[in-house]
Amino acid sequence: MKVYAVRKGRQVGLFETWDECREQVSGFSGAEYKSFQSYDEAERYLSFDNECNFIQSDLVAYVDGSYNPASREFSYGVVIIHPDGSLKKFSEKSNDRSLAAMRNVAGEISGSIKAMDYALEIGANALTIFYDYEGIKKWCTGEWKANKEGTINYKHYFDAIKNKIDISFVKVKSHSGDKFNDMADSLAKDILFN
């Protein structure tokens with residue numbers, strides 16, 4: 001199975017069919033894209049240039065969430081990667097009952113908001129968020145209707161800041177050995193279960 005990675009195009013990210021990829025790059029000046037045999041290779045192409053420096057953004061963030069059914073708490077883990085390769089890590093847990101019904105998704109949303117907050121706080125011009133739950137992107141873009149309190153607030157937050165910073169989203173396959181996705185997952189689990 002081929003995976004198409006668009007590094008520069010109308011929308012940056014991974015696409016499963018050539019038709020989806022072509023929509024992003026056809027007629028786009030300076031488009032950069034490539035096909036790969038695995039998600040891991042495609043993700044690396046999106047994240048790094050040939051010298052292993054991050055491209056596309058002032059900042060890259062990996063976000064993940066977790067949920068503890070025993071305590072009914074959720075948490076997030078966020079790994080921020082600065083253009084110079086330095087890392088900043090965040091994690092936090094919550095027992096907000098209005099959000100806990102969404103389980104680990106509440107953590108992923110909270111992590112995504114934390115990443116956006118941090119990018120705004122330091123004055124970044126652009127942020128690429130790597131996520132493994134597709135709602136993280138689709139609620140923001142309107143592809144999914146936000147109909148729960150947590151998703152409605154997330155969409156409102158995104159709409160309020162989307163003109164202040166260029167935010168793009170890249171889907172990663174969960175538990176696929178992606179170093180930074182695994183790191184975000186561990187941060188979320190460690191604060192929740194330790």
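Ser47 is buried, with a relative accessible area of 3%. That value falls under the 20% cut-off, so the residue counts as buried. The model is predicted. Ser47 lies in helix H2. Along the chain, Ser47 and Thr128 are 81 residues apart, yet their C-alpha atoms are separated by 9.3 Å.

Now take the helix around Ser47. H2 covers residues 39–47, and its buried residues are Tyr39, Ala42, Glu43, Tyr45, Leu46 and Ser47. Against what do the buried residues of H2 pack? They pack against strands E1 (3–8), E2 (13–15) and E3 (32–36), and also against E4, E7 and E8. An α-helix has 3.6 residues a turn, so residues three or four places apart point the same way. Tyr39, Ala42 and Glu43 are among the buried residues of H2.

Step back to the whole chain. Its secondary structure comes to seven helices and eight strands. The radius of gyration is 16 Å, close to the 16 Å that the globule rule gives for 194 residues, so the chain is as compact as a globular protein of that length. Along the principal axes, the C-alpha atoms fill a box of roughly 50 × 35 × 30 Å. Of the 194 residues, 49% count as buried. Contacts across the sequence are well represented: among contacts with a separation of 6 or more, 63% come from residues 24 or more positions apart.

Next, the interior. In soluble globular proteins, nonpolar side chains tend to be buried together. Here the largest nonpolar core has 34 residues. Ile80, Met116, Leu127, Ile129, Tyr154, Ile167 and Phe169 have the most contacts inside this core. H4 gives the most, with seven residues. A second, separate core has 20 residues, including Val3, Ala5, Val79 and Met183.

Leaving out residues up to four places away in sequence, Phe169 touches Val12, Gly13, Met116, Ile129, Tyr131, Ile136, Lys137, Cys140, Tyr154 and Phe158.

Thr151 is found in helix H6. Is Thr151 buried or exposed? At 1% relative accessibility, Thr151 counts as buried. Its contacts, aside from neighbours within four places in sequence, are Met102, Ile109, Trp139 and Ala146.

Most residues other than glycine have a negative phi. Arg72, in the loop between E4 and E5, has a positive phi near 60°. Arg103 sits in the loop between H3 and H4. The phi of Arg103 is also positive, near 55°. How do they stand in accessibility? Arg72 counts as exposed, at 52% relative accessibility. Arg103 is partly exposed, with a relative accessible area of 43%.

Last, the surface and the charges. The accessible surface of the chain comes to about 9,800 Å². Carbon and sulfur atoms account for 45% of that area. The chain has 25 positive and 29 negative side chains. The centres of these two sets lie 3 Å apart.

Methods: Residues are numbered from 1 along each chain as its sequence is written. This is a predicted model: local features need pLDDT of at least 70, side-chain atom pairs count only at pLDDT 80 or more; totals for chains, interfaces and linings use all residues. Side-chain values use heavy atoms; hydrogens and water are left out. A nonpolar core is a set of buried Ala, Val, Leu, Ile, Met, Phe, Trp, Tyr and Cys residues joined through side-chain atoms within 4.5 Å. Buried means under 20% relative accessible area, exposed over 50%, partly exposed in between (1.4 Å probe, protein chains only). Helices (H or I, at least four residues) and strands (E, at least two) are DSSP runs, numbered from the N terminus. Contact means heavy atoms within 4.5 Å. The radius of gyration is taken over C-alpha atoms; the globule rule is 2.2 Å times the number of residues to the power 0.38. Accessible areas come from the Shrake-Rupley method with a 1.4 Å probe; for residues, only the protein chains shown count as cover. Lys and Arg count as positive and Asp and Glu as negative; His and the chain ends are not counted. The place of a charge is taken as NZ of Lys, CZ of Arg, CG of Asp or CD of Glu.
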